[in-house]
Amino acid sequence: MAESNAAPILTLQNVCMYFGGVRAVDDLSLEVYHNEIVGIIGPNGAGKTTVFNVLSGVYIPTSGDIFFRGERLNELPPHTIISNGIARTFQNIRLFAKLSVLDNVRVAFFGHIRYSLVDTFLNTRAKRDEEAAIREEALRLLEVFGLADKAALPAANLPYGDQRRLEIARALACKPQVLLLDEPAAGMNPNEIDELNRTIVRLRERFDLTILLVEHQMRLVMGICERVLVMNFGRKLALGTPVEIRNNPEVLEAYLGKVRR
Amino acid sequence: MRVKNFATPLLVVIGIAITFALSYYGLVNAYYLQIAQYVGIYTIMVLGINLVNGYLGIFSLGHAGIMAVGAYTSGLLSKYVLTDPALFPLCILLGATAALISGFVISIPSFKVRGDYLAIITLGFTLILKSLLQNMEFVGGARGLRNIPGNTNIMWVFIWLVIAIAAVRLFINSKYGRSTMAIREDEIAAELVSVNIKKTKIVVFGFSAFLIGVSGGLLSHLLSYTNPNTFGYAMIAEGLIMVYLGGMASISGSFLGAALWTLLVEILRPLGVWRWIVGAVLLIIIMIFRPSGLLGGRELNIGAFLRQITRRDSAKAALEVANGGK
């Protein structure tokens, strides 16, 4: 833990993502350090989710570089990036609706499973042992989120809050070092947000995670983030501690001023 | 548990013994035997179609063409090259391997194209293959390939059926099966939880084509001849009907669909051409009331079902049902 504190685990260098004339992300640079929680905020259309899409390989950045543990990520396909240690959740929940809760989590072990197609068809010892271990591990993950007793249900049958939790559980099954949470508190009430705050902090300790989160809920961002990046029109408006951000006149004008009650 | 592990191989051995006796001693009316063989052959085909159309959720119409590859390759081999009847399984295997390669080819457009467009591409594959076969004289042209040794019997159908069911079951309950169904549910989400989409699609299309190829080989050796017209629109439609009738993404459903359709076609034989109308009406009714087929997405699992009824550890039993039996 200590040795990696010096070098950033994730680096964005002048990253641009243009869609035709639309500059969704424009010249964004950011260094994220091990075990940090970094919040990304900004008005609608500021490019927050696009940052996540670029980081997870959905889009290839127009220019600029992304480094993860010193390795360049830019042109790697998503499944390779995810297997290497960056996992994410989705703003609009994207579970595998008809699969069971358990299978939703087990799917996410794909990148780490070693047994081959030959093992699959011959049902070798290696396959059976690994499958048993995965089942065990998946159930333990579900327990962390209080979903173990719902393991057999189709994911679509879960209530909204559980679906959000299952998304995080599924992302953790990818065994990430960096976790990208896209609006994890969307649609939650203040009590639920406080609970989510505790969960995220607990997850960071337990799984030794570095967390980036996109959020509109100031209660969440200001509560747990060590640093906050404010984006506006795809550009970096400010970067600093929650207190600095709260008192930054530019930010207040562009964003927080309208939200603060 | 131990009893169960022991029971399945025993049943398979008994099954092989019975079918062996049936095929070499003529204990049963040849007509019934023929129908049983059709059911087995079509079940293998439907399992193959179900892998792509049911589990992977890609609407493909390539199965007739793939079946033709299996039927012609194995037919040509056993007629001209591996003429010894003892080499029959090898002919089927090689035919299925040729079909597997054609499955790899069909999987390539599925990386980019989806939905109706992919259906049209796969339909194109089937029709191109049919025209090729019609115009290649060395495989008999439009008249078809005649005098293929009639090596298919109920025993071989049974053996291949057991292999097919076991293979599909093992596949579905593995990381590949899970990623296959995840792609069906949400391809982008699957990719973003580390599933290798291309690899999974190639594997599923290949495996699917292999099984369809086996069924094609068995069919041509059952009828002792094969012609391009066998693998046209009628075969495309019948394959789909059996999949939708029995159930999407279901192994027992694949058998049910193949059995029901085959029997129905035989029972309605006195109606002549009208039986196709009865079949189509039946399909419409099923589509209205059970759009994913009689056993869509589920399996007949008698053990887990009984345990659930007796409520002995019902949560565990429910889990087992959800996993399609462990």
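This is a predicted model: local features need pLDDT of at least 70, side-chain atom pairs count only at pLDDT 80 or more; totals for chains, interfaces and linings use all residues.
**View 1. Polar links between chain B and chain A.** On chain B, the side that touches chain A gets at least two residues from each of α6 (154-172), α7 (175-185), α8 (187-191), α9 (197-223) and α14 (314-322). The largest share, 8 residues, is supplied by α7(B). Sorted by class, that side of chain B has 17 nonpolar, 7 polar and 7 charged residues.

**View 2. A salt bridge across the interface.** Here the side chain of Arg178(B) meets that of Glu131(A), at 3.0 Å from N to O. In total, 2 salt bridges turn up between chain B and chain A.

View 3. Chain B puts 31 residues in contact with 34 residues of chain A. About 3100 Å² is buried between the chains, and carbon and sulfur atoms give 67% of that area. Within chain B, the residues that lose the most area to chain A are Lys175(B), Arg178(B) and Leu192(B), together 25% of what that side buries.

**View 4. Two serines with a positive phi.** Look for Ser194(B) in the loop between α8 and α9 of chain B. Its phi is positive, about 80°, though it's no glycine. Is Ser194(B) buried or exposed? Ser194(B) counts as buried because its relative accessibility is 2%, under the 20% cut-off. Ser224(B), in the loop between α9 and α10 (233-246) of chain B, also isn't a glycine and has a positive phi of about 65°. With a relative accessible area of 24%, Ser224(B) is partly exposed.

Methods
Residues are numbered from 1 along each chain as its sequence is written. Chains are lettered from A and ligands numbered from 1 in the order in which they are written. Side-chain values use heavy atoms; hydrogens and water are left out. Contact means heavy atoms within 4.5 Å. Buried area is the accessible area (1.4 Å probe) that two parts lose on being put together, summed over both. A salt bridge is a side-chain nitrogen of Lys or Arg within 4 Å of a carboxyl oxygen of Asp or Glu. Helices (H or I, at least four residues) and strands (E, at least two) are DSSP runs, numbered from the N terminus. Ala, Val, Leu, Ile, Met, Phe, Trp, Tyr, Cys and Pro count as nonpolar, Asp, Glu, Lys and Arg as charged, and the others, Gly among them, as polar. Buried means under 20% relative accessible area, exposed over 50%, partly exposed in between (1.4 Å probe, protein chains only).
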